[in-house]
Amino acid sequence: MKRTLPILITFVIGVIMVGEFFIPHWRYRALTGELLEWGIILTAGAFILGLVNLIQVHLPTVVERGTDWGYKAVLLVSLAVTLAMGFSNGKQRLDSGMEVSFSYKWIFDYVYVPLSATMFALLAFYIASAGFRAFRARNAEATLLLVAAALVMFASVPIGEGVPVIGEYLVALKDWTLDVPNNAARRAIFIGAALGAISTGLRVILGLERSHLGGD
Amino acid sequence: MLDLLLRFQAMDRRWVFLGMAISIVVPMLLPFNLPFKVDGRVQDLYDRVEALEAGDAVYISADFDPGSRPELEPFFRTHLHHLFRKDVRVVMGTLWPTAPPLVKPILEEIAGEYDKEYGRDWTFLGYIDGRELAIKSLGQSVRKTYPLDDRGNKTADLPVMLGLDAIRDFDILTSVSAGFPGTQAYVLQIQGQYNLEMASACTAVSAPDYIPYYQSGQLFGLSGGMPGSAQYEKLVYADTPEENRPRLAATSGMNVLSVGHMYIIVLLFLGNLAFFLTRGGKED
């Protein structure tokens, strides 16, 4: 029963959702709409599970002063403070037109935004360093990749586009690289992935694939 | 020469970082303007928005965070200017929990500049969790997916939603997307099923992924990264006198991008030159 019931639920829901593509009746759509709503509520509920999991994983290390306990403490304190700020003035926020509270906005503007932007900006430095130290034309494939990368980078910006005489051709070559070989490869990947997803979906619906139910 | 190249190859990476920092900071301090052309994908996006008529409706899914802000915010701002200038109704939601504090003030600011009234000309529906499920649900009914807007009003009662429920009731769907859930999820979940007219503004790294969707007609337009945003700015503000233009963030960012790209290309060239001269190009 522990395995049969989830398989049965998966089969029924899966068949109903697939049927939506073939039965364009409003009653049927109302049914699938209801199921989608349940799904959205369930995924929102996963936030609570995530919260509990985060505490379960990191709190013991902090208490026992384990490896990197300081970082984990920062994580848990940040979590608690942001959560408290998010919950505080909740009613007031709703009544005043859902403006975010000052403290929560402050955390977002002056902590989250700079940290997130910094993490992303660091990529430029690491790409430059990795490109210089590791991106070598060691064989034909690496050479092709190197030439394509340099061409797309150069012709995508005004400095490359504006090179006298050849700038126009570089842009045309860059466009061709993106539109033809790039697309051919990506289409192949997309179609392969889609066929794989269809086959996995069918296996899950038919109960042949059970790994998502976990082991006993 | 060989000795110099060997020393260059073994250079501390902090010098590389310093060079990158200079390549970014100098064009910011000493701005210069290099002309650039508009890509066909951005031109198509612009042309379709231009063809909208007053009263038409656009749904914007603003799915980005502070990390992708420099690439996508310029497009987002310019798109809102473009839409409000055309007197188009704007309904916006987001699938990213970190997006609302970022996108809501911008929407409010630009709507205010055009004297647009909340609830009648535009609305912000806020954040919805559920990823693909939320997208699928938007395909069926925006009103049911977002029973209340960000201000706690009933979505169905808002005048801006008159005649709008399922996403296909909107004339255009614009996905401003920094990753998942975003453009690809919209295309896979609902674009094909409902044959939506959809455009995407994405990060530069995602653009090659979405070109097949543009070629197949699933996206009518595509703006990739900062260059795409700069090209869109160029089109939207082409007839606006310079003194009346807002600060064109992507256009000014193109200088930084130009020098930064050149710096990386020079590093690639020198690194490979050193590799070939010192190892004779033989594989390890």
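Modeller: Here is a short tour of chain B.

Biologist: What should I know before we start?

Modeller: This is a predicted model: local features need pLDDT of at least 70, side-chain atom pairs count only at pLDDT 80 or more, and totals for chains, interfaces and linings use all residues. Residues are numbered from 1 along each chain as its sequence is written, while chains are lettered from A and ligands numbered from 1 in the order in which they are written.

Biologist: How many helices and strands are in chain B?

Modeller: Chain B has eleven helices and six strands. Both are DSSP runs numbered from the N terminus: helices are H or I with at least four residues, strands are E with at least two.

Biologist: What percentage of chain B is buried?

Modeller: Of its 284 residues, 51% are buried. Buried means 20 or more other C-beta atoms within 10 Å of the residue's own, with C-beta atoms placed from the backbone.

Biologist: Now the sheet. What is the strand order?

Modeller: The order in chain B is S3-S2-S1-S4-S5-S6, in an open sheet with parallel pairing. Two strands pair if DSSP finds at least two bridges between them.

Biologist: Which strands stand at the edges?

Modeller: Strands S3 (122-127) and S6 (221-224) of chain B do. Each has a single partner strand, so one side of each is left without a neighbour in the sheet.

Biologist: How many bridges join S5 and S6 of chain B?

Modeller: Four bridges, in the parallel sense. Ala199(B) stands opposite Gly221(B) in S6(B).

Biologist: Switching to helices. At what angle do H3 and H10 of chain B pack?

Modeller: About 45°, with their axes 10 Å apart. Axes are lines fitted to C-alpha atoms, for helices over the stretch in contact, and angles run from 0 to 180 degrees between N-to-C directions.

Biologist: Which residues make that contact?

Modeller: Val42(B), Leu45(B) and Tyr46(B) come from H3(B). H10(B) gives Gly228(B), Gln231(B), Tyr232(B), Leu235(B) and Val236(B). Contact means that C-beta atoms, placed from the backbone, lie within 7 Å.

Biologist: And chain A? How many residues of chain B are in contact with it?

Modeller: 50 residues of chain B are in contact with 51 residues of chain A.

Biologist: Which element gives the largest share of chain B's side?

Modeller: H11(B), with 14 residues. Other elements giving two or more residues include helices H2 (13-29) and H6 (132-140) of chain B.

Definitions and conventions:
A residue is buried if 20 or more other C-beta atoms lie within 10 Å of its own, exposed if 12 or fewer, and partly exposed in between; C-beta atoms are placed from the backbone. Two residues are in contact if their C-beta atoms, placed from the backbone, lie within 7 Å.
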